Amino acid sequence: MQILHHGAVNGVTGSCHQLIVDAHNSLLVDCGLFQGAETSGRGDDDLLSIEFGISTVQALLVTHCHIDHVGRLPYLLATGFNGPIIATEATAALLPMVIEDALKVGVTRNQSIIKACLARLKEQLITVPYQQWFEVTLKGASRTKVKFQPAGHILGSAYIEIDVKAHVKGSEQAAKRVVFSGDLGATYSPLLASPKSPYKADIVVIESTYGDKNHQGRRDRAKSLEKVLVKAISDNGVVIIPAFSIGRTQELLYELEQITAKAKFKKLADIEVIVDSPMAAKFTEHYQHFQTLWDAEAKRRVKQGRQPLNFDSLYTVDTHQEHMQVVEYLANRSKPAIVIAASGMCSGGRVVNYLKRFINEPTADVLFVGYQAQGTLGRQIQQYGPSGGYVFIDGEKLDVKAGVHTISGYSAHADQSNLVNFIKRIRKGPEKVIIVHGDQQAKESLKDKLLGLDKSMLVEIGKG
Ligand SMILES: [Zn+2]
Ligand SMILES: [Zn+2]
C-alpha cells in the first residue's frame, strides 16, 4: 500500500491523493483545483490536466465540495474516468452547482458541454450516509471499504476512513485503516457540529492550513466582528467581506443574525446585510434544507422561531445588473452596510468591483474572515493595506485607505490545537501521520507539535 499526493503538497490547493491498494487498484481522494500563487510555474494545461495515470483508479471519494478539492473533476471525467464518485448526500447536492460554476469560470460557457459533463457526474455519483461502511468494488482479491464521518468544515464535509485488505501476489497483507482528514472544521464554529476523532487509524493524512496558529475564541471573535461593525456605523462606511460561497458565508450570516438580534443600538439592529452572490444564496438554501446537520445551538434558535440564515435585514443580489446597481447605491448612500461577496481571496468575482470602488475610501473597511493564499489580491491587501500601501486591481494602482481587518476564527478550518487534538483523541493511535494542505511553516509547526505527542509515531510532510 502506498499514498501518492497529486496536489496540496506545496500549499493548500489542488487537493488530490491516491491510495494505491495493489497493482490493479487505487482510490482517489478529492480532485481539486490549484489556485493563487500555487498555479505559478505550471502551464494552463498541466494545471488542469490529470498528469497521473488513472487506469487503476476504481473510485473517487469526495471529502467536500470546495473548488480546491473538486475543481479538477471535469478533467478527470475527460480523461476517461467512469468509476463511482462517492460523497455524502449534502455534498452530492452541492456538487453539480460547484462544478457548473467551475466550468463556466475556467473552461467554457458552452451549455451543451456543461450539460454533458453534469449528466456524467450525476450518473457516476453515489451518495453514502455518514457513519456507515460502504464497500468499494475492486478488481481481484483485494478488499476495501470506506466510511464518511462529519468533519464540521462545510455542509456535507467529511473525513474518510478507509479499510484496506490488500492481496499482493496471492497473499493477504495486514489490514490497514487509513484516514484522510479532508478539511477539518474548528471547534465551536457556528452552525455545524465539530468533528470527533476516529476510533482507530494506522495512517492519517491530515490537513494543516492553520497548523501554526490558534484561532481567537468564538466570543472574542464575535466581539471583534461587532467592533468592526460599530465603526462602520459611526462613519456610515461599507464593510466588505470577501467570502467563499460555501460555508463561511453561512457561518457569518449566522453570527450576524445573532449580533443584530441582540444589538442595543438601533443602527446596528437595522444594518443592511447584502449577500452579493447568486451561488452563495443557493448554498444558503441548501444549508437550510439540511438543518438536520446543524449543531444543537443552531437547532435551538430555529425552535425559538428565529431564522438564522434568512433574517429580515438580509438582502440577496442576483443579476449582474443588480450587482452594478448595488455598487452605485452604496457609493451614494448615507447609511452603513455590510456586503458579503465572493471570491474569498479576491482573485475574481463580484468582490473585486466593490474593492475597486471603495478600497481608497477611509470610511470603508475590508474584513477578511478566511485564509488568503500567497499571490492573491486578498493576501496583498492584508499585507500592504495596514501600512498605508497600495495594490493593483485590474491593472489600476489604488491606495488602500480602507481599514483592513482579519478575524481568523471564521476560517471554517481547525486551528493548531484542534488538529493536534484530532490526532491525540484517536483511541488506537496511528503509526504514521502525513501532513498535507498547508504552507511550509504551518506543516513544520504542526509536525513539531505532533512529535511531542508520541515519540514512536512517525510524522512526515507529504511530498508530491
Ligand atoms: Zn475546504
Ligand atoms: Zn481545502
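On a 1 Å grid over the protein atoms alone, a pocket is an open set of points with protein on both sides within 12 Å along at least five of seven lines, while a cavity is a set where a 1.4 Å probe fits but cannot get out; lining residues have an atom within 4 Å of a point. Grid points are joined across faces, edges and corners, and a volume is the space filled by probe spheres set on the points.

Before going further, some ground rules. This is a predicted model, in which local features need pLDDT of at least 70 and side-chain atom pairs count only at pLDDT 80 or more, though totals for chains, interfaces and linings use all residues. Residues are numbered from 1 along each chain as its sequence is written, chains are lettered from A and ligands numbered from 1 in the order in which they are written, and side-chain values use heavy atoms, with hydrogens and water left out.

**Stop 1: the pocket lining**

Select Ala-222, Glu-226, Gln-258, Ile-259 and Lys-262, which lie nearest the centre of this second largest pocket among its 15 lining residues. Two elements, α6 (218–234) and α7, each give two or more residues to the lining, and α6 gives the most, with six. (Helices are DSSP runs of H or I, at least four residues, and strands are runs of E, at least two, numbered from the N terminus.) Colour the lining by class and you get six nonpolar, one polar and eight charged residues. Here Ala, Val, Leu, Ile, Met, Phe, Trp, Tyr, Cys and Pro count as nonpolar, Asp, Glu, Lys and Arg as charged, and the others, Gly among them, as polar.

**Stop 2: helix α7**

Now select residues 248–262. Its 15 residues should span 21 Å at 1.5 Å a residue, and the end C-alpha atoms are 21 Å apart, which agrees; the expected span is 1.5 Å times one less than the number of residues. Of the 15 residues of α7, 13 are buried, so the helix is largely enclosed by the rest of the structure. Buried means under 20% relative accessible area, exposed over 50%, and partly exposed in between (1.4 Å probe, protein chains only).

**Stop 3: the zinc ions**

Which residues hold ligand 1, a zinc ion? Show His-64 (NE2), His-66 (ND1), His-153 (NE2) and Asp-183 (OD), its protein donors, lying 2.2 to 2.3 Å away. Donors are N, O and S atoms within 2.8 Å of the metal (3.2 Å for Na, K and Ca), and water is not among the atoms, so sites may look incomplete. His-64 and Asp-183 are both buried.

Next, centre on the zinc ion that is ligand 2: His-69 (NE2), Asp-183 (OD) and His-437 (NE2) are its protein donors, at 2.1 to 2.2 Å. Asp-183 sits in the loop between β12 and β13 and His-437 in the loop between β22 (432–435) and α15 (440–453), so the pair ties together parts that are 254 residues apart in sequence. Asp-183 also bridges the two zinc ions, which lie 3.5 Å apart.

**Stop 4: the cavities**

Finish with the two cavities of 30 Å³ or more. The largest has about 80 Å³ of space, and among its 14 lining residues Ser-15, His-17, Ser-181, Gly-182 and Val-436 lie nearest the centre.
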